[in-house]
Amino acid sequence: MRLTTRGRYAVTALLDLALQTSQQDSAVSLSDIAKRQSISISYLEQLFSKLRKRGLVTSIRGAAGGYHLAKPLHEIDVMSIISAVDESVNAMQCEGRGDCQGGTMCLTHDLWCALSNHIEQYLKNITLAQLLDMENVQSVSERQHTSTKDISIKDINTITLSNSEANPA
């Protein structure tokens, strides 16, 4: 079983959205999520299109536009996010068809089937609200906010320095 970046990024982006929503009332832009999480904005646009169609987020257009969660934090589980972006947590090579060994079921089919079911149940029982309460989430979020602010201040200082060099007094 391999969870691709699509599933990982979808969960990461919605957790980021949940964190921002808990700190502000305004919509959260994809560009802000992209900066904090180092995810391409075009990739986020694709993911959020699917998340919106599945009813996990709502969008607002315009200058103050962005995204909000469509449901309370305790109603959005990790498996729903993964499924919304067309991912699965299936550990079976045959994807459950039972044809993994020359068209027939392999010896370990039941093992991988049970593992897939356990993973799916675990992820169904973890909500965004629970993720927000996890030990490292808040400290990582604070670090990400600080590092994006540092970048912005450096960019402003560079622009200011460049302008003063271009027009010496």
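I began at Glu 120, which I find partly exposed at a relative accessible area of 28%; I note at the outset that I am reading a predicted model. Glu 120 forms a salt bridge with Lys 124, and I find 3.2 Å between the closest N and O atoms. Lys 124 is likewise on my list as partly exposed, at 38% relative accessibility. Both residues belong to helix 5 and are four residues apart, so about one helical turn separates them.

I then looked up how many salt bridges the model holds, and the count comes to five. One of them joins Arg 6 to Glu 87, with the closest N and O atoms 2.9 Å apart. Arg 6 sits in helix 1 (residues 5-23), while Glu 87 sits in the loop between helix 4 (78-84) and helix 5 (109-124), so this pair ties together parts that lie 81 residues apart in sequence.

Another entry concerns Arg 97 and Asp 99, which form a salt bridge whose closest N and O atoms are 3.3 Å apart. Here I find Arg 97 exposed, at a relative accessible area of 55%, and Asp 99 partly exposed, at 31%.

Last, I looked up the confidence of the prediction: the protein chain averages a pLDDT of 85, and 85% of the residues score at least 70. Over residues 152-167, however, I find the pLDDT below 50, and this stretch has zero contacts in the model beyond near neighbours in sequence.

Note on methods:
Residues numbered from 1 in each chain as written. Predicted model: local features only at pLDDT ≥ 70, side-chain atom pairs only at ≥ 80, totals over all residues. Heavy atoms only, no water. pLDDT = per-residue confidence, 0-100. Contact = heavy atoms within 4.5 Å. Salt bridge = Lys/Arg side-chain N within 4 Å of Asp/Glu carboxyl O. Helix = DSSP H or I, 4+ residues; strand = E, 2+ residues; numbered from the N terminus. Buried < 20%, exposed > 50% of the residue type's maximum accessible area, 1.4 Å probe, protein only.
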